[in-house]
Amino acid sequence: MERLRQAGVDFSVGTLNFLANIGIMLPYILMLLKYQQTQSATYLIALVAFYMSRAASIFYTKRLNLRSTTYLIVSLVLGAVGSLTFAMTEAVGWLIIGGLLWGYSAATIWPYFLTVKLHLSQSTDFKMKRLYWVIFLGLGLMLGVDLAAGWSYTLTFTVLGLLYLVALPGGILLDNFTNDFYQNRTTHPHGLHQGWRWVLSLIGFAAIAVLTTLRKATVNLPSWLLLTIVGVALIVLAIELYGDRHVLPNYKVRLLNRGFLVSLVLLFNGFFAYFYFGSVGMYVVFALYLIGFEGGYVIFGKLGKGSTKRALRLSQVSLLAGHLFLLIPWKYTYVLGILLITLYVGYDNPTINATLYGSPDIDHDMAIVHKYRFSTYGGLLCQLVMFGLLVAVSAGAGQSVLAFFKPSDASDFWLYTLTMSWPLTLASLGISLGNILHEPKG
């Protein structure tokens, strides 16, 4: 009986580990597949609600200053509610609610899970079971049955919702294991404040919602209005950044750079790669990102030969060289450029986690949340610049904005290279140089 109970605990914690790692992307992918299958305005609205909530939630979590373990449990509950909502109904109102709740879960589950893992690493020798491939295989089988039976992803949404519930005992167990960490901490729960920033942010994320819709469907709005929407969102973003000017002043540029880079690679080049590799372009970029993200820390660690300073400098050389290769309009230098940039991201990610969490002047329970907040700022900045360029280019060329996201051929390669790829890459290069120059000299 004891072995059976332990196996159940291991499965619950392993499921939690799995959901935290895939929680930001898998819900979005499933909703996108559902929308592509139905082409229904209902699922488009739900998808936009999810995307807006996922972008906004990292800014407005932790407002009550509860434990990260408590927020992790909340993320699991909301993830279950969101997923099961999509399994049980097609009513647009409920799907919007489900999308908003699931968006919060997608935005926060990994930052809080990583925070809890770091807490545990300081106080216990607790090890988490890794069941990624077992659960991936199970979900893959469910998806296959779903499609074969014509159930329109209902089974997959149901199983995923049940996995969130299965992970709940694991979340509660981790809450108990971190009692020692929180025991001597003084907490000051507080309510919501700075109402003007809330109103302003609603305007900003409403603008993001409109721009997100441009990636999925034709929106018949005049170009001047779309550019105005982009401008308003940029102003809101600037005001928000100014409001947070005293938070992580020594690391802000680095985190903004990280977010800009990830959006440059996964969002812009996820679509732009079509003009190099056709319909498989997005998969090429995703594969390169996974290789770089998983291998960057190991590769630069070995090349640094035990010197963190040397490893950092090599990763920065890789970052700058990657940008320069992206400026060369040839598919092989393009691949190398994407890989070199993602190797830097892969090296920077664990090092910034350790730096922020280990800093004595940063609240350990907030460090990772702050990291993802400012990374999200950087990602939104990249998206807004991209959309501003795209709207202007599309208006000048007399074609639909959607033509970039759903091209039928590669005839517009030079149009998008000159007016979007090069300006975005140069902007990213400028932020990267600013980050390198901003690095503390050690």
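Which side chains meet in a salt bridge at 2.7 Å, N to O? The points below answer this and take up related features.

1. This is a predicted model, in which local features need pLDDT of at least 70, side-chain atom pairs count only at pLDDT 80 or more, and totals for chains, interfaces and linings use all residues. Residues are numbered from 1 along each chain as its sequence is written, and side-chain values use heavy atoms, with hydrogens and water left out.

2. The side chains in question are those of arginine 254 and aspartate 348. A salt bridge here is a side-chain nitrogen of Lys or Arg within 4 Å of a carboxyl oxygen of Asp or Glu. Both arginine 254 and aspartate 348 are buried (under 20% relative accessible area, with exposed over 50% and partly exposed in between; 1.4 Å probe, protein chains only).

3. The whole structure holds 3 salt bridges. Another one joins arginine 67 to aspartate 175, with the closest N and O atoms 3.1 Å apart. Arginine 67 lies in the loop between helix H3 (41-60) and helix H4 (68-88), and aspartate 175 in helix H7, so the pair ties together parts 108 residues apart in sequence. Helices (H or I, at least four residues) are DSSP runs, numbered from the N terminus. Arginine 67 is partly exposed, at 26% relative accessible area, while aspartate 175 counts as buried at 17%.

4. Aspartate 244 forms a salt bridge with arginine 373, the closest N and O atoms being 2.4 Å apart. Aspartate 244 and arginine 373 are both buried.

Key:
Helix = DSSP H or I, 4+ residues; strand = E, 2+ residues; numbered from the N terminus.
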